[in-house]
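The exercises below take you through parts of one structure, each with a task and a worked solution. Keep the sequence and the model open beside the text as you work.

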Amino acid sequence: MKIVVIGGTGLIGSKLVAALKEQGHEAVPAAPGTGVDTLTGQGLAEVLEGASVVVDVSNSPSFEDDAVLEFFRTSTANLLKAGADAGVTHHVALSVVGTERLQESGYFRAKQAQEELIKASGLPYSIVHATQFFEFAKGIAASATDGDTVRLSAARIQPVRSDDVAAAVARTAVGAPVNGVVEVAGPEVFGLDELVRTALAGTDDPRTVVTDPGARYFGATLEERTLLPGPGARLAGARFGDWLAEQR
């Protein structure tokens, strides 16, 4: 079937397109670089013509509070309308485990707004909640760095390899709509500080990670289990240490 992947040229999107094509589907990457702009609606009607499924793995180019909210509200509304007009029968979106618990953060308020629009649209849908990717450990460090010090909470986190997220989204896209949330996570639980400390050491990064219970995570305070999935999450097999060794 024809599956349009919004954000199909990014980290997850490109892996997803490749996985769907391997399964024999017509997977079409859609992004500003391919002439599709969800913010303006440019190219949406054309790319969605004949599509059965649309998968949204796009992200805001800006994480500033107002800009990210505008991005997810506007692009999601445009995509849902275009999908309904085109007769799309399954709307899939990638979001983040713990989004509803991270509402002090402007980014996660925007993701929550996206999810609420999808749920209220009347379209059959599936939302995939993933834990943070292995690849994003450095991004977490950058957000918490002051000079040579990285201040992070010891809240628990269960990171997952991006390839495994793409595989989970692909399975969801070709399945029946769940009209709810599917969670995917890695097999291991770390302290957030421990995860980033390991990532920095594994890449010979000289910064020092300091455990700070009050440190915020992209603007949000964390409880011990804020970032963890529920008991029904689908667990991927790749382990962080093995992945980190492969990056050398």
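**Exercise 1. Find the residue that stands opposite Leu152, and then describe the sheet around this pair.**

Leu152 stands opposite Thr211, a residue of β11. The model is a predicted one, in which local features need pLDDT of at least 70 and side-chain atom pairs count only at pLDDT 80 or more, while totals for chains, interfaces and linings use all residues. Residues are numbered from 1 along each chain as its sequence is written, and side-chain values use heavy atoms, with hydrogens and water left out.

Step 1: widen the view from the residue pair to the strands, where β7 (residues 149-152) and β11 pair in the parallel sense over four bridges. Strands and helices here are DSSP runs numbered from the N terminus (E, at least two residues, for strands; H or I, at least four, for helices), and two strands pair if DSSP finds at least two bridges between them.

Step 2: place the strands in their sheet, which is open, has three strands in the order β6-β7-β11 and shows mixed pairing. β6 (145-146) and β11 are the edge strands, each with a single partner strand, so one side of each has no neighbour in the sheet.

Step 3: Contact means heavy atoms within 4.5 Å; axes are lines fitted to C-alpha atoms, for helices over the stretch in contact, and angles run from 0 to 180 degrees between N-to-C directions.

**Exercise 2. Locate Arg207 and list the partners of its side chain.**

Step 1: Arg207 lies in the loop between α7 (192-202) and β11 (208-211).

Step 2: setting aside neighbours within four places in sequence, Arg207 is in contact with Lys138, Ala141, Ala142, Thr145, Asp148, Val150 and Leu200.

Step 3: the side chain of Arg207 makes polar contacts with the side chain of Thr145 at 2.8 Å and with the side chain of Asp205 at 2.9 Å. A polar contact is a pair of N or O atoms within 3.5 Å; within protein, one must be able to donate a hydrogen and the other to accept it, and residues adjacent in sequence count only if both atoms are side-chain atoms.

**Exercise 3. Work out the strand order of the seven-stranded sheet and say which helices lie across its strands.**

Step 1: the seven strands form an open sheet in the order β2-β1-β3-β4-β5-β9-β12, with parallel pairing. Because β2 (26-30) and β12 (234-235) each have a single partner strand, they stand at the edges, with one side of each left without a neighbour in the sheet.

Step 2: within this sheet, six bridges join β4 (residues 90-96) to β5 (residues 125-130), and the bridge partner of Ser95 in β5 is His129.

Step 3: α1 lies across β1 (2-6), β2, β3 (53-56) and β4, running at about 170° to β1, whereas α4 (residues 106-120) lies across β3, β4 and β5, at about 160° to β4.

**Exercise 4. Describe how α3 packs against α4.**

Step 1: the axes of α3 (residues 65-86) and α4 come within 8 Å and cross at roughly 15°.

Step 2: α3 and α4 are therefore roughly parallel to each other, where angles under 35 degrees count as roughly parallel, over 145 as roughly antiparallel, 65 to 115 as roughly perpendicular and the rest as oblique.

Step 3: the residues of this contact of α3 with α4 divide into 10 nonpolar, three polar and four charged. Ala, Val, Leu, Ile, Met, Phe, Trp, Tyr, Cys and Pro count as nonpolar, Asp, Glu, Lys and Arg as charged, and the others, Gly among them, as polar.
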